[in-house]
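Here is a short tour of one protein chain, written to be read alongside the model. Have the viewer open and follow along.

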Amino acid sequence: MTATHDATTTIRDLENARYRAIVDQDLARFAELSHPDLAYSHSSGDTDSLDSYLDKVRSGYYVYHQIDHPIDFIRIVDDVALVVGEMNASITAGGREKKLRNRCLAVWKYTDEGWRLLAYQPTPMPTA
């Protein structure tokens with residue numbers, strides 16, 4: 001196996017782990033997977049830091065009930081991995097139940113501690 005194949009497999013596993021952590025509200029695990037400079041954007045257009053995002057999940061502002069996240073492709077360039085796919089979810093946001101259907105881009109950065117989620121950007125897909 002090549003180093004790129006190994007890294008791609010690792011990133012795919014990390015994507016699964018971060019989504020599982022947020023659905024399970026395992027915020028310590030989510031924080032462990034995240035870069036301290038995380039920029040976490042939402043389909044509403046808001047962007048959170050790691051701390052503000054975790055505060056919102058901790059307070060119940062965001063509750064993730066179910067997430068499906070098919071990955072279209074992963075591109076690794078030097079110490080950065082781009083993950084392009086979808087994030088389809090059932091959530092509660094600000095007390096309102098929502099169904100999300102987003103295209104998304106996740107950016108992972110390789111650090112001394114391993115791969116860490118640096119940025120996330122969803123874009124709502126048009127309804128048919």
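Predicted model: local features only at pLDDT ≥ 70, side-chain atom pairs only at ≥ 80, totals over all residues.

Look for Arg 58 in helix α3, which covers residues 50–59. The side chain of Arg 58 makes a polar contact with the side chain of Asp 55, at 2.9 Å. Leu 38 lies 20 residues from Arg 58 along the chain, and the C-alpha atoms of the two are 17 Å apart.

Now to the chain as a whole. It holds 3 helices and 7 strands, and from the N terminus the order is α-α-β-β-α-β-β-β-β-β. For 128 residues, a compact globule would have a radius of gyration near 14 Å, and the chain agrees, with 14 Å. Some overall values are gathered here:

| Property of the chain | Value |
|---|---|
| Box filled by the C-alpha atoms, along the principal axes | roughly 45 × 35 × 25 Å |
| Share of the 128 residues that count as buried | 43% |

What about the interior? The largest nonpolar core has 34 residues, and among those with the most contacts inside it are Ile 11, Phe 30, Tyr 64 and Trp 108. Helix α1 (residues 3–23) gives this core its largest share, 7 residues. Which residues does Ile 11 touch, leaving aside neighbours within four places in sequence? They are Ile 74, Ala 81, Val 83, Trp 108 and Trp 115. Across the chain, 48% of the contacts with a separation of 6 or more join residues 24 or more positions apart.

Key
Residues numbered from 1 in each chain as written. Heavy atoms only, no water. Core = buried A, V, L, I, M, F, W, Y, C linked by side-chain atoms within 4.5 Å. Buried < 20%, exposed > 50% of the residue type's maximum accessible area, 1.4 Å probe, protein only. Helix = DSSP H or I, 4+ residues; strand = E, 2+ residues; numbered from the N terminus. Contact = heavy atoms within 4.5 Å. Polar contact = N/O pair within 3.5 Å; in protein donor to acceptor, adjacent residues only side chain to side chain. Rg over C-alpha atoms; globule rule 2.2 N^0.38 Å.
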